[in-house]
Amino acid sequence: MSNSVFILDNGAYTAKVGVASETPKLIPNCIMKAKSERRRPFIGNQIEECRDASGLFYILPFQKGYLVNWDIQKTVWDYIFSKESCSVNLSQLSAIVTEPIFNFPSIQEAMTEIFFEEYECHSLLRINAASLSCYNYKAEYPTTKCCIIVDSGYSFTHVIPYINDTKVKDGIRRIDVGGKLLTNHLKEIISYRQLHVMDETYVINQVKEDCCFISQDFFKDMEQAKHKLENNSIVKDYVLPDYTTLRRGYLKDPGPSNEQQTLRLSNERFAIPEILFHPSDVGIRQMGIPEAIMDSIKSCNEETWPHLLSNIVLTGGNANFSGFRDRIYKEVRSLAPAEYSVNVYLPQNPITYAWFGGKQLSQNTIFPNLVVTREEYEEEGPSVCFEKFDI
């Protein structure tokens with residue numbers, strides 16, 4: 001079955017796409033315009049053809065975690081299915097498409113309509129990415145009955161408990177901190193301290209990915225960052241790309257400045273991702289991830305607590321920050337009852353983990369019962385999808 005299933009994990013920042021029998025491609029889910037080439041919009045991976053990616057202007061289909069700009073999304077999807085990218089014809093394929101937790105019915109209906117009426121897909125399954133991650137985890141650890149998925153993506157961080165493959169809706173917690181907020185905050189700090197980079201979202205996002213890490217002891221690292229250069233392990237220089245010899249910047253030890261333009265990064269290297277643990281640092285009155293995990297677990301039946309605590313799964317782009325797993329483990333361990341063991345699982349690639357969950361699901365015998373076929377849709381309309389898909 002998996003050869004005829006196309007999986008589209010439609011994230012707000014990157015779409016993870018591909019036929020289930022192949023490896024997924026990562027495609028930026030946006031259209032970008034560059035100062036250097038005003039006339040040409042770059043869709044998805046076409047950004048690699050852009051000669052100078054400084055001052056890129058993003059046009060995003062998602063705002064605050066939900067799909068709102070259909071024209072942009074449709075353009076990106078057309079690109080994904082085209083010969084230039086995945087070259088697929090959906091009329092012969094089943095499609096698994098992910099959508100956000102608690103998605104709006106109007107968005108769900110429009111999405112279903114596009115896949116059946118415009119792309120004429122053979123059958124469709126609309127599902128949350130976290131449910132696919134849960135499915136992947138269950139395939140790796142078949143004896144697991146419960147797990148808690150921490151999905152920290154571009155717009156939000158969600159904590160979602162699953163008991164016997166079913167998400168516990170009362171236990172879902174959302175923190176309004178994601179990769180976009182971290183990048184924007186880093187732009188503000190760098191602009192305030194050394195160089196105006198408010199228009200450089202693309203480059204500063206790379207700076208964040210290459211430089212930032214999660215502190216295991218925030219105050220100790222803060223003290224360390226105050227030391228003089230020779231005794232300071234935190235201060236680094238980031239060589240900015242010039243788009244002639246260097247397309248992506250890199251981190252190096254602080255040295256005398258040469259002709260390359262560099263940013264000197266100190267405590268922002270760990271203070272930026274610290275917002276995931278203390279959203280109140282930027283005025284967001286919400287819990288950090290470890291407290292949200294505990295709060296979510298405590299909303300479930302007490303007999304499930306030990307199972308949930310020993311199966312915490314980290315997914316989404318922010319899980320790639322160095323030290324993320326260790327810090328979550330340390331803090332959840334200190335908050336959890338002493339008699340329960342805590343285990344935090346970080347997949348090899350937290351970004352494509354949900355996509356591979358879709359692959360596992362497509363190979364399961366239950367898969368044909370989960371999808372809505374085009375015939376069912378034409379007979380019964382969108383209501384059949386609302387009945388069948390558990391969102």
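A residue is called buried when its relative accessible area is under 20%, exposed when this value is over 50%, and partly exposed in between (1.4 Å probe, protein chains only). Helices (H or I, at least four residues) and strands (E, at least two) are taken as DSSP runs and numbered from the N terminus. The structure is a predicted model, in which local features need pLDDT of at least 70 and side-chain atom pairs count only at pLDDT 80 or more, whereas totals for chains, interfaces and linings use all residues. Residues are numbered from 1 along each chain as its sequence is written, and side-chain values use heavy atoms, with hydrogens and water left out.

In these terms, the buried residues of helix H11 are Tyr353, Ala354, Trp355, Gly357, Gly358, Leu361 and Ser362. Because seven of the 10 residues of this helix (residues 353-362) are buried, H11 is largely enclosed by the rest of the structure.

The domain assignment of the chain gives domain 1 (5-129 + 352-388), domain 2 (132-177 + 285-345) and domain 3 (179-275), the bounds coming from an automatic or database domain assignment. Between the C-alpha centres of domain 2 and domain 3 the distance is 29 Å. To their contact (heavy atoms within 4.5 Å), domain 2 contributes 12 residues and domain 3 contributes 14 residues. About 1,100 Å² is buried between domain 2 and domain 3, with 56% of it on carbon and sulfur atoms; buried area here is the accessible area (1.4 Å probe) that two parts lose on being put together, summed over both.

Nine residue pairs, both members at pLDDT 80 or more, are in polar contact across the interface of domain 2 and domain 3. A polar contact is a pair of N or O atoms within 3.5 Å, where within protein one must be able to donate a hydrogen and the other to accept it, and residues adjacent in sequence count only if both atoms are side-chain atoms. The count of salt bridges between domain 2 and domain 3 is one, a salt bridge being a side-chain nitrogen of Lys or Arg within 4 Å of a carboxyl oxygen of Asp or Glu. Arg327 and Glu274 form a salt bridge in which the closest N and O atoms are 2.8 Å apart.

Across the whole structure, the search finds 19 salt bridges. One of them joins the side chains of Lys74 and Asp78, with an N to O distance of 3.1 Å; the two residues are four residues apart in helix H1 (residues 70-81) and are thus separated by about one helical turn. Lys74 is buried, at a relative accessible area of 18%, whereas Asp78 is partly exposed, at 36% relative accessibility. Lys74 and Asp78 are also linked with Glu118 in a network of salt bridges. A further salt bridge, between Glu223 and Lys226, has an N to O distance of 3.1 Å, with Glu223 partly exposed at 46% relative accessibility and Lys226 exposed at 62%.

Arg126 and Glu99 likewise form a salt bridge, their closest N and O atoms lying 2.9 Å apart. Since Arg126 lies in strand E10 (residues 123-128) and Glu99 in strand E9 (residues 94-99), the pair ties together parts that are 27 residues apart in sequence. Both Arg126 and Glu99 are buried. Asn128 is also found in strand E10 and is buried, with a relative accessible area of 1%; the side chain of Asn128 reaches the backbone oxygen of Glu99 at 3.1 Å.
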